[in-house]
Amino acid sequence: MNPRIVDCHAHFGRFSQTKVGFADARSMVRAMDAAGVEKLCVSSFLAIGPDCVTGNNAVAEAVKLYPDRFIGYASVNPNRPDEIEPELDRCFQKLGMKAIKLHPAFHRYPIEGPSYRRVIEYAARSGMTILSHDWGRPEFIERVAAEFPNVKFIIAHTGFWDGRSELAYAGVLKRRKNVFIDLVYSNIFYDALERMVAELGADQILWGSDFPLHDLPFQLGRVLFAKLDDESKLKVLGGNMLRILQS
Amino acid sequence: MKPIDHAEVQRLNLFDANCRLGPSDLTASGAPVTVPDLEQEMDRLGIAEALVYHASASGYDPEFGNTQLLQELSTASRLHPCWVVMPHYTGEMEDPATLIPRMLAAGVHAVRMLPAVHRFSISGWSVDELLGELNTHRIPLFLDFGRSHWAEEVVNYDAVARICREFPSLPVVLVREGIGSSRYLYPLLECFGNLHLELSYYQASDGVADICRRFGAERLLFGTGLPEYSGGPAISMLYFSGISFEDKKRIAGGNLRNLLAAAR
């Protein structure tokens with residue numbers, strides 16, 4: 001097996017709540033090389049927190065330095081709705097971002113609110129991908145995924161699923177092929193990924209790490225050691241995300 | 001991609017410091033909770049040995065679970081017992097002067113405390129009689145505060161510092177510390193040479209290498225959290241940590257073997 005490993009959910013910069021080990025582009029690339037990770041899709045901790053503009057600029061700088069290794073997410077603050085479209089225009093027309101990252105929890109703004117509606121409508125105009133820290137109720141993501149079929153929606157942190165209860169978004173994923181889940185989560189429960197693939201198949205599951213908040217190899221170990229066939233691992237580790245980015 | 005070389009994993013001689021035996025309310029069906037199933041999963045992952053406590057000792061009653069643990073491990077050469085202990089004042093455990101010699105005679109060289117789960121204080125008036133006995137016999141103390149997420153504030157670090165200071169011969173191992181703990185852990189590791197960190201949940205980026213550089217590899221113990229958690233991530237983290245193979249071997253199992261051998 002020789003997979004292309006593409007991290008659909010990584011970050012850039014420092015993090016207020018704890019020490020971050022690799023806080024600059026050069027050291028991040030060294031860590032990626034050590035673990036065999038080809039590309040990181042990154043949003044800035046600054047941009048999903050207090051300062052979207054400066055944070056988005058920092059991501060753009062990293063992408064400029066390592067265009068083959070970093071893919072930029074544009075982030076916007078829903079609490080400043082008038083700035084959303086201009087900042088997205090700047091990110092996509094000038095900074096070379098490829099997708100959108102939302103963080104309703106940090107910005108303390110409901111995912112179903114009107115500001116995020118503007119973001120989804122913006123994404124729909126050119127068939128973009130939106131990764132959100134969470135998408136709230138399964139009914140909501142199912143409704144917007146049906147309304148905007150050309151937008152790819154990534155539900156972050158579905159790795160929190162412990163494999164015991166029902167997977168909340170399973171029905172949505174089976175019905176809406178433009179909805180994906182990422183595996184990022186600190187706890188990695190025994191056999192949970194294997195159960196997820198058994199239930200959903202591997203086509204809509206994306207590996208992500210939250211690096212550099214989380215250790216890249218630790219999060220990789222979730223897939224590398226999983227009891228899955230090679231084809232499923234190839235899809236999860238990067239094949240699916242490459243397909244999304246190329247579409 | 002750089003695939004993991006399983007022969008190199010084997011050469012690390014992994015000794016899992018954080019493993020549980022027996023069914024619990026938290027393990028999914030199919031998880032390895034029996035000795036044969038656990039050993040089979042260890043073989044699949046390349047883990048040579050494991051220090052195990054019993055789920056009934058943490059989730060039901062320490063004396064009951066510790067007894068069950070010895071029974072189930074009677075023919076298991078790769079699994080080593082760790083007893084769950086708590087203060088004796090309520091009469092639910094023997095007094096330390098009786099318990100510890102009996103424990104050592106049974107071949108048990110490590111203990112685990114779960115103060116949050118078992119609802120007791122780790123202040124001096126509660127645990128010092130027990131800790132004094134453990135300190136005398138240099139028995140490693142695994143402190144488990146029941147953390148389920150890195151952002152939880154579940155650990156009383158002032159109390160941990162007091163224990164490390166008052167009992168300098170006692171090896172103290174914090175288990176299931178997460179990425180949110182670094183700003184607590186670094187000064188503790190700086191101050192107290194008897195403090196160790198188990199790695200099943202400590203996935204700070206560059207964390208293993210950074211702690212090795214600052215405090216030495218002897219402060220870290222490989223652990224998985226099996227069978228509730230997957231064993232692969234902690235192996236992968238150590239494997240790709242970028243530290244020397246000798247330091248990897250210390251963390252993988254050398255440090256734990258030394259701690260267990262020193263208990264007498």
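1. In what order do the six strands of the open sheet in chain B run, and is the pairing parallel or antiparallel? The order is S4-S5-S6-S7-S8-S9, and the strands pair in parallel. This is a predicted model, and the points below should be read as describing a prediction.

2. One pairing can be checked by eye: Leu143(B) has Leu174(B) in S7(B) as its bridge partner.

3. Helix H11 of chain B, residues 232–239, is mostly covered, with eight of its eight residues buried. The buried residues are Gly232(B), Pro233(B), Ala234(B), Ile235(B), Ser236(B), Met237(B), Leu238(B) and Tyr239(B). Where do the packing partners of these residues lie? In chain B they are helix H1 (6–11), strand S1 (14–21), helix H2 (35–45), helix H10 (207–215) and helix H12 (245–262). Chain A contributes helix H8 (216–224) to the packing against H11(B).

4. Turning to the interface, 37 residues of chain A are in contact with 34 residues of chain B. On the side of chain A that touches chain B, the elements giving two or more residues are helix H1 (25–35) and H8 of chain A. H8(A) gives the most, with eight residues. By residue class, this side of chain A divides into 20 nonpolar, eleven polar and six charged residues. H8(A) is also the chain A helix against which the buried residues of H11(B) pack.

5. Chain A has nine helices and eight strands. Its C-alpha trace spans about 45 × 40 × 35 Å along the principal axes. The radius of gyration of chain A is 17 Å, which agrees with a compact globule, because one of 247 residues would have a value near 18 Å.

6. Of its 247 residues, 56% count as buried. Among chain A contacts between residues at least 6 apart in sequence, 76% join residues at least 24 apart.

Technical notes
Residues numbered from 1 in each chain as written. Chains lettered and ligands numbered in written order. Predicted model: local features only at pLDDT ≥ 70, side-chain atom pairs only at ≥ 80, totals over all residues. Buried ≥ 20, exposed ≤ 12 C-beta atoms within 10 Å, placed from the backbone. Helix = DSSP H or I, 4+ residues; strand = E, 2+ residues; numbered from the N terminus. Contact = placed C-beta atoms within 7 Å. Nonpolar A, V, L, I, M, F, W, Y, C, P; charged D, E, K, R; others polar. Pairing = 2+ DSSP bridges. Rg over C-alpha atoms; globule rule 2.2 N^0.38 Å.
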